[in-house]
Structure formats: C-alpha cells, structure tokens
Amino acid sequence: MPKYLLLKHYRGAPAAVNDIPMEQWAPEEITAHIDYMRDFATRLVETGEYVGEQALAPEGTFVRYDGEGKPPVTDGPFAETKDLIAGFMIIDVDSYERALELAGELSAAPGAGGKPIHEWLELRPLQGEPLVVTE
Amino acid sequence: MDEALLRSLTPNVLGILVRRGADFASAEDAVQEALIEAVRVWPGDRPDDPKGWLVTVAWRKFLGMARSDAARRRREDLVDDEPAPGPAPAVDDTLQLYFLCAHPSLTPSSAVALTLRAVGGLTTRQIAQAYLVPEATMAQRISRAKRTVSGVRFDQAGDVSTVLRVLYLVFNEGYSGDVDLAAEAIRLTRRLFASIDHPEVAGLLALMLLHHARRAARTAADGELVPLADQDRGVWDTRLIADGVEILQAALARDRLGEFQAQAAIAALHADARTAAETDWVQIVEWYDELARLTGSPVVRLNRAVAVGEADGPRAGLAALAELDDSLPRYAAVAAYLHERDGDLETAARLYGEAAGKAADLAERAHLTRQAARLRK
C-alpha cells in the first residue's frame with residue numbers, strides 16, 4: 001500500500017490549461033474551488049486513502065549553518081524563486097494507477113469561469129522502511 | 001483488566017456469532033459492545049468462563065440490534081435458532097473469519113486492515129499507527145471493508161492462497177507504532193496452521209519464521225542495512241530457525257510443493273550455513289528453478305541469477321541476468337554485484353550508483369550509494 005505525495009505548485013510546474021491567477025477569479029469561483037478540494041479530501045477519508053494535507057504559505061526562508069558559535073545564516077524570502085510549493089496532500093493507495101487517477105481528479109478542481117484548472121500536480125512516491133529483503 | 005485475554009478471545013467470539021448466522025458487520029459491532037461491557041464488569045466480577053460470557057453477551061447485543069432493525073421479522077427467526085446455553089464449542093470458529101477477511105472483493109489494503117481487526121483483535125488505533133495513517137482513515141477503511149463483505153455467506157471455505165497472501169502482506173509491512181506486524185502475522189499464521197491442514201500454510205509459516213529469525217542481524221544499530229553475507233550469524237535466532245525448518249520439512253514430505261514452501265526452502269538453506277561461504281548455492285539454484293516454474297516471476301529469475309553467480313561464478317550469473325529485462329527492480333544492483341565479483345570495478349561502481357537512484361527505500365539507497373563510493377575510492 002504505497003503512499004504518495006501530491007505536490008501543488010505556485011510556480012515551477014508547467015502552465016495550467018485554465019491558467020488565470022486566483023486573485024482574478026470571482027469570489028464564488030474561489031468558494032467553488034475550495035469546496036471541491038474539501039470534498040475531495042473528505043471522500044479520501046471515506047475511502048480510507050487519506051493520510052494528510054497542508055497548504056503552505058508562499059514565502060519561505062533559506063537557512064544555513066554558519067560555523068561554530070554563530071547563529072545560522074538566513075536568506076530570502078525569494079519572491080522570484082522558480083519553484084514554489086503551494087501545498088501537499090499525502091494519500092495511501094493500493095496502486096500507482098489509483099494515485100494517478102486521484103491526482104487527475106484533483107487537477108480538475110474548478111477555477112476561473114467555473115471550468116477545471118487542468119493544473120499540473122506533481123506525484124511522488126514516499127520512500128518507506130525496507131520490506132523483507134529478498135535474501 | 002486482562003487486555004491480552006480479551007484480544008485473544010475476540011476473534012473466537014466473532015467467529016461463533018458469524019457461524020450462528022449473524023452478518024459480519026453486525027457481529028463485529030456486537031462483539032465490540034460486549035468488550036466494552038467486559039471492561040466495565042469484569043474487574044469487579046470476573047466470569048469463570050470468559051469466552052462463554054463474551055459469547056452470551058455479544059449474542060444478546062446482536063439480537064437487540066437485530067430486533068430494532070427494519071428487517072425485524074427475518075432476523076427474529078434467528079432467535080429460534082439460538083443454541084442451548086453451555087460451554088462454547090472447542091472448534092476453531094476463527095477459520096471462516098480468515099476467509100471472510102481475505103475475500104476477493106476486498107482490495108489488499110482493506111483485506112489487511114480487516115484481518116488485523118477481526119482475526120487479530122487489534123484496535124483501529126493500533127492498525128492506523130502501524131500503517132502510519134490517521135485513525136479516522138483507518139476506521140473508514142475498516143467500515144467500508146465490513147460493508148463490502150456484509151452480504152457474503154459463509155458456508156464454504158474460501159481460497160487458502162488469498163488468505164496466505166494477506167498474511168504475507170501483513171508480515172512484509174514490518175514494524176511501526178506499538179504493534180509489531182511481523183510478529184502479529186506470525187501469530188495469526190500459527191493459528192491458521194493449527195486449524196487447517198495445508199502444506200502451503202506450513203510453507204508460509206516456515207518462511208516467516210526463517211526470515212524473522214534473521215531480523216536482528218539485518219540492520220546495524222544505526223539502521224544501516226547489513227547484507228546476508230555480512231550478517232552476524234551469532235545473533236540469528238536459532239530457536240526460530242529450528243522451528244521453521246521442522247515445519248518446512250514436514251510440509252515438504254507431503255509432496256505438494258507450492259511457492260511458499262520453495263521460498264522457505266531457500267531461506268532454510270541460508271539459515272543452515274554457519275558461514276556465508278558454506279552456503280549450499282547449488283541447491284539454492286535448484287530451488288529457484290522450482291520457484292520460477294511455480295510462479296513464472298521475473299523477480300524470482302533475478303534472484304536466481306544471483307544464486308547462479310554464487311554457484312557457478314559471476315560470468316554464469318551475468319549470462320543468466322542477460323536473459324532478463326533490465327527494467328526490473330534491483331536489476332542494476334544485481335548487475336553491479338556480479339560485475340564487482342568479476343573484477344570489473346568501474347562498471348560495478350557505475351551500476352551501484354544507478355541502482356541507488358532507483359532504490360525503493362532509504363536504507364537500500366544508502367547501502368547502494370555506499371557500495372558505489374567504496375569502489376570509487
């Protein structure tokens with residue numbers, strides 16, 4: 001039962017088909033979008049495939065060790081960073097095919113004009129602990 | 001309160017209710033109700049026959065629920081069938097639960113969850129922890145599974161191989177949370193072994209015991225993967241090995257070979273060698289031939305190539321490997337190992353690096369990356 005991470009990008013993914021920034025949507029279109037996402041998560045809980053999700057703030061900070069006794073160096077936030085992660089959802093499904101199916105469904109969330117966004121989502125398997133080694 | 005006792009009785013009680021004609025979902029609810037009652041009542045007034053007490057209370061709860069149900073008339077017929085009070089029969093009623101929980105209409109993850117709940121008597125929270133999912137998710141998975149099998153009748157035994165596959169899935173999930181799933185799978189398979197006469201059940205039990213016996217040696221203290229050849233054989237659990245070998249030999253003597261017996265035979269040959277160098281690779285190759293014949297699995301043929309490499313030299317292993325599809329999982333790792341043994345360190349290092357990139361888990365990736373780094377030094 002592999003787990004997958006669905007990554008939603010602010011930037012960095014190829015452009016969506018219905019690619020209109022959210023701030024230009026009508027309020028009810030935003031509501032419809034949020035409802036769709038919430039229903040999607042609720043249905044995954046019901047099917048027993050939901051693990052977790054989290055939206056992320058657009059701005060992060062880079063942090064680095066700067067040597068003994070010194071405070072860490074920070075840099076950013078970088079508004080121009082190419083790849084920004086908007087949020088993630090983790091699912092636990094029976095197969096890769098099922099993960100694709102769910103990602104496709106999530107990508108169909110409605111956007112401007114009430115039409116699906118067709119946005120690109122990134123699907124990554126989570127690496128787990130070792131299974132029984134075939135020794 | 002004796003939690004272990006309650007847990008061991010739960011599947012029995014559930015099995016009895018199902019055998020008496022209760023549908024699975026209602027029986028499960030009734031048993032849970034009876035358990036709550038036991039937790040409340042037993043500390044002050046512990047019954048002499050805990051199992052009989054649970055059966056009586058659970059059956060009463062079930063009837064109560066059935067009576068209040070819309071399908072009153074049909075279900076009330078069951079009241080007439082109520083057996084005379086007395087000690088619960090000694091036959092193992094849990095057997096049919098195994099078949100129910102492994103029903104082909106369930107997805108593998110549902111079958112696993114239901115088995116752990118109904119046959120293993122684990123709580124939803126324990127199962128959720130073991131699989132690292134939220135408790136609400138696991139609760140839904142289990143209740144969906146219960147709904148899926150609620151209409152299934154149980155008058156005949158199902159397919160043993162499905163049950164074995166589910167138990168092996170549980171075993172392979174390993175360990176997280178407060179339940180050791182490998183140990184749990186062994187416990188359940190032992191009980192199945194005690195109640196059903198089938199050489200493949202013995203084969204799976206032997207395989208699990210033989211794998212489990214080596215668990216302590218398989219990872220170093222820091223979580224690093226230790227390959228079979230480098231394992232400290234002194235920490236292998238000899239009692240489990242002896243147990244596994246004995247069960248396997250009795251099964252093989254019946255001459256109804258199946259893939260679990262063949263896999264266990266290979267594990268037994270490894271367990272039997274006092275040092276890696278003493279491993280009987282020629283016999284292991286023969287068992288891989290049997291296994292390939294039984295399963296037709298390319299993964300088996302990949303493992304066979306490793307064994308051929310040990311038995312007849314790395315060139316022979318590479319020749320066996322060349323017949324396989326190079327997109328197989330672990331193909332690059334096997335190729336790397338065989339090239340290294342053949343003395344072609346440069347190719348081996350490149351292949352180890354490639355294999356690390358494709359590794360299915362972190363410990364394996366770290367191990368392969370170290371191999372590549374070792375050869376490049």
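Predicted model: local features only at pLDDT ≥ 70, side-chain atom pairs only at ≥ 80, totals over all residues.
User: Why are E2 and E5 of chain A called paired strands?

Analyst: Two strands pair if at least two bridges lie between them.

User: What makes E2 and E6 of chain A edge strands?

Analyst: The open sheet has four strands in the order E2-E5-E1-E6 (chain A), with antiparallel pairing. Strand E2 (50–55) and strand E6 (121–125) of chain A each pair on one side only. On average, neighbouring strands of this sheet are turned by 20 degrees against each other, direction ignored.

User: Which strands does helix H2 of chain A touch as it packs on the sheet?

Analyst: Helix H2 (residues 96–107) touches strand E1 (3–11), E5 and E6 of chain A. Here, touching requires heavy atoms within 4.5 Å. The direction of the helix makes about 155 degrees with that of E6(A).

User: Why is the link between B:Arg141 and A:Asp92 called a salt bridge?

Analyst: A side-chain nitrogen of Lys or Arg must lie within 4 Å of a carboxyl oxygen of Asp or Glu. The closest N and O atoms of B:Arg141 and A:Asp92 are 3.0 Å apart, and the pair therefore qualifies. The count between chain A and chain B is one salt bridge.

User: What else describes the interface of chain A and chain B?

Analyst: In this interface, 20 residues of chain A are in contact with 31 residues of chain B. The area buried between the two chains is about 2,200 Å², of which carbon and sulfur atoms give 52%. Eight residue pairs are in polar contact across the interface, both residues having pLDDT 80 or more. On the side of chain A that touches chain B, helix H1 (27–47) and E2 of chain A are the elements that give two or more residues. The largest share, three residues, comes from H1(A). The residues of that side divide into eight nonpolar, five polar and seven charged.

User: How do you know that B:Arg370 and B:Glu224 form a salt bridge, and where do they lie?

Analyst: Their N to O distance is 3.6 Å; the limit is 4 Å, so the pair counts as a salt bridge. B:Arg370 lies in helix H20 (residues 362–376) of chain B, whereas B:Glu224 lies in the loop between helix H12 (215–218) and helix H13 (238–252) of chain B. The pair links distant parts of the chain, 146 residues apart. Over all chains, the count comes to 29 salt bridges.

Note on methods: Residues numbered from 1 in each chain as written. Chains lettered and ligands numbered in written order. Heavy atoms only, no water. Axes fitted to C-alpha atoms, helices over the stretch in contact; angles between N-to-C directions. Buried area = accessible area lost by both parts, 1.4 Å probe. Polar contact = N/O pair within 3.5 Å; in protein donor to acceptor, adjacent residues only side chain to side chain. Nonpolar A, V, L, I, M, F, W, Y, C, P; charged D, E, K, R; others polar.
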